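Here is a short report on one protein model. Please look over the sequence and the structure first.

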Amino acid sequence: MKSSWAAALISTILCLSSTPPVEGNNNNNNCKCVYGQPCWPSTQAFDTLASQLSQPLLRPLPPALPCYNDPNGAECADVQANTHNGTWRANIPGALQNLFFEEYIFSNDTISACYLNTTLGIPCEQGTIPPIGVDARSPEDIQAAVRFAKEHNLKVVVQNTGHDYLGRSTGRNAFMIWTHWMKDIEFHDAFAPDGGDGSEQYEGLLLSAFQLSVEGLSADWESILAVTLGAGVQWIEAYAAAGAHNRLIVGGISQDGSVGAAGGWVLGGGHSAFAGKFGLGVDNVLQFTVVKADGSHVIVNAHINPTLFWALRGGGGGTFGIVTSVTYKLHPIVPITGALAFVNFTSPANAQRGITEYIRLHATLSDNEWGGYSFFSNETLFFVYLAPNISLPDANATIGPLFNLLHEVGDTGLITELVPFNSFGDLANFTVPGGAAQDSQVGNRPEISSRLLSRDTALNKAEETARTLLSLDFVAINYIAGGAVLRVDPESAGLNPAWRNTVAQVYIGESHEEGASAETIRATQQRLVEGTAILDTITTDSAAYLNEASLHEVDFKKSFWGNHYDRLKQIKYEVDPTGLFVVPRGVSSEDWDKDLVCRV
């Protein structure tokens with residue numbers, strides 16, 4: 001029997017040897033260096049880098065590889081059991097939550113991938129997973145990695161959890177900087193952003209990351225109003241820490257809370273079911289710390305590097321530098337009333353009635369600072385909406401008329417229910433009656449496209465919007481804006497200004513099966529493009545949420561950033577003139593080829 005380290009070594013050799021060398025040498029200053037080219041750093045160069053790091057260099061491999069080494073072994077059984085587990089995938093360097101972006105399609109339509117289904121008879125290959133990377137545990141690790149990448153002109157990708165719908169945290173033959181284990185959490189007493197005059201005070205208690213887990217809480221904890229999260233903290237960790245201190249933090253909601261709290265989520269805007277009450281993620285940021293493309297580690301806030309502060313809040317992840325920490329406002333714990341509906345429509349005409357009023361209600365929900373998530377079709381409507389700090393009677397007065405209508409248009413067995421919760425923590429432990437829920441997208445191959453629904457459209461064009469959306473097979477509405485989001489100056493951040501008139505995000509999706517041909521994948525993508533064209537008719541500006549969007553936008557610059565794009569691009573080239581950080585459909589990406597290796 002081979003020892004575990006020997007088996008791992010053999011697996012690495014087999015997997016990387018299946019990755020064809022990249023043609024040509026990189027003597028062109030317009031191109032970056034990637035694995036397989038003569039310009040790729042030598043073993044000695046990587047050894048020198050390793051000597052500067054706190055952890056050994058990473059050699060990422062496809063998560064499904066153990067099933068090719070031993071299909072009946074314990075490691076393969078672990079892969080099979082956890083492929084759809086977001087936390088498990090996040091803990092594997094190089095792994096993505098969306099498996100499609102682990103696969104690479106060549107120009108001749110062959111595909112490099114490592115499928116879980118070994119009976120397909122397709123060899124396990126590296127796909128887009130970078131062959132080497134840095135396991136960053138500190139800003140100093142990131143600085144060393146950035147300087148090394150800049151010295152050798154490498155293609156760089158930055159990854160925390162691998163949650164992404166555009167493949168921005170991976171790259172074939174690239175050099176990876178993995179921030180996943182930067183888990184420091186620090187609560188602050190009277191936090192004031194650096195560089196100010198002290199007038200901006202966010203009172204609270206200063207604790208070290210270690211002290212978060214110790215007992216002996218004091219009454220001072222009641223005044224905690226700011227927290228700094230390391231780059232690798234995930235929302236499930238942030239929520240637990242804030243809840244232990246009797247505070248609420250505005251964050252994302254996913255099936256297992258594995259989305260990162262201090263990376264692409266906030267850099268893309270950061271939507272939340274609590275945004276209507278407290279604003280988007282970008283509206284709650286007080287300060288960043290960032291490693292820039294020149295290797296410097298800097299503070300970024302409204303006083304220090306204010307232009308970069310503007311860009312980071314909505315300009316997108318992996319573009320302006322590598323965030324090492326984010327400091328957020330915290331909010332008091334408030335009671336929540338949950339509104340749940342699960343309805344099977346008795347006819348398409350009744351679906352039209354129900355969805356029309358459902359969409360129209362979003363203007364009122366916005367005024368009352370609700371939030372939540374839903375999906376619907378001509379057959380079904382399901383939603384879970386949250387009303388922070390709103391009593392059960394007041395919530396019923398708002399949503400009761402819709403519930404009454406749903407009972408008119410719905411079949412027997414429908415569910416409409418209001419549920420009181422003392423806090424967000426209680427909500428997290430709630431089980432949806434009837435088991436109604438969307439299938440997990442983790443471990444599958446979805447591609448999605450989105451549009452932002454304006455308050456005016458919801459209020460004044462509900463009927464035609466419902467008709468348009470019901471012409472699609474499946475639609476989801478994330479009600480993650482409105483309320484406080486609408487009261488923020490559109491020019492205050494790099495975020496698409498369309499958000500400041502938005503009450504909800506509407507999205508559609510397509511997917512393909514494991515092992516699908518390039519032709520099948522293109523057909524799936526074409527259906528998404530056609531669906532996007534239909535979805536686009538409910539907007540006037542084609543605005544989309546860039547974190548949950550399509551690679552196939554007609555004009556991604558307009559859809560993702562509106563009239564802020566030109567300024568964002570100017571800032572991009574001020575802080576990263578050589579283009580060290582470039583991601584698919586990110587700011588300045590139009591200046592690069594499909595693989596983001598050579599300028600065009």
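The report covers a pocket, a helix and a set of salt bridges.

## Model

This is a predicted model.

## The second largest pocket

The second largest pocket holds about 830 Å³ of space. Its lining is made of 34 residues. Nearest the pocket centre are Tyr-104, Leu-551, Pro-584, Lys-594 and Asp-595. Helix α16 gives the most, with three residues.

By class, the lining of the second largest pocket divides into 15 nonpolar, eight polar and 11 charged residues.

## Helix α6

Helix α6 covers residues 139–151, 13 residues in total. The expected span uses one less than the number of residues.

Buried residues in α6 are Pro-139, Asp-141, Ile-142, Gln-143, Ala-144, Ala-145, Val-146, Phe-148 and Ala-149. Asn-153 follows α6 and has a positive phi, near 55 degrees.

## Salt bridges

The whole structure contains 21 salt bridges. One of them pairs Arg-500 with Asp-283, with the closest N and O atoms 2.7 Å apart. This pair links distant parts of the chain, 217 residues apart. Arg-500 lies in the loop between β18 (475–479) and β19 (502–511), while Asp-283 lies in the loop between α9 (275–278) and β9 (285–291). Are these two partners buried or exposed? Arg-500 has a relative accessible area of 9%, so it counts as buried. Asp-283 is at 16%, so it is buried as well. The cut-off for buried is under 20%.

A salt bridge also joins the side chains of Arg-527 and Glu-510, at 3.3 Å from N to O. Arg-527 sits in helix α16 and Glu-510 in strand β19, 17 residues apart. Arg-527 is partly exposed, with a relative accessible area of 39%. Glu-510 is partly exposed too, at 24% relative accessibility.

Lys-569 and Asp-591 form another salt bridge, where the closest N and O atoms are 3.1 Å apart. Lys-569 belongs to helix α18 (residues 565–575), and Asp-591 to the segment after α18, 22 residues apart. Asp-591 has 21% relative accessibility, so it counts as partly exposed.

## A salt-bridge network

Which residues are linked in a network of salt bridges? They are Glu-103, Arg-445 and Glu-514.

Technical notes:
Residues are numbered from 1 along each chain as its sequence is written. This is a predicted model: local features need pLDDT of at least 70, side-chain atom pairs count only at pLDDT 80 or more; totals for chains, interfaces and linings use all residues. Side-chain values use heavy atoms; hydrogens and water are left out. On a 1 Å grid over the protein atoms alone, a cavity is a set of points where a 1.4 Å probe fits but cannot get out, and a pocket is an open set with protein on both sides within 12 Å along at least five of seven lines; lining residues have an atom within 4 Å of a point. Grid points are joined across faces, edges and corners, and a volume is the space filled by probe spheres set on the points. Helices (H or I, at least four residues) and strands (E, at least two) are DSSP runs, numbered from the N terminus. Ala, Val, Leu, Ile, Met, Phe, Trp, Tyr, Cys and Pro count as nonpolar, Asp, Glu, Lys and Arg as charged, and the others, Gly among them, as polar. The expected span of a helix is 1.5 Å times one less than its number of residues. Buried means under 20% relative accessible area, exposed over 50%, partly exposed in between (1.4 Å probe, protein chains only). A salt bridge is a side-chain nitrogen of Lys or Arg within 4 Å of a carboxyl oxygen of Asp or Glu.
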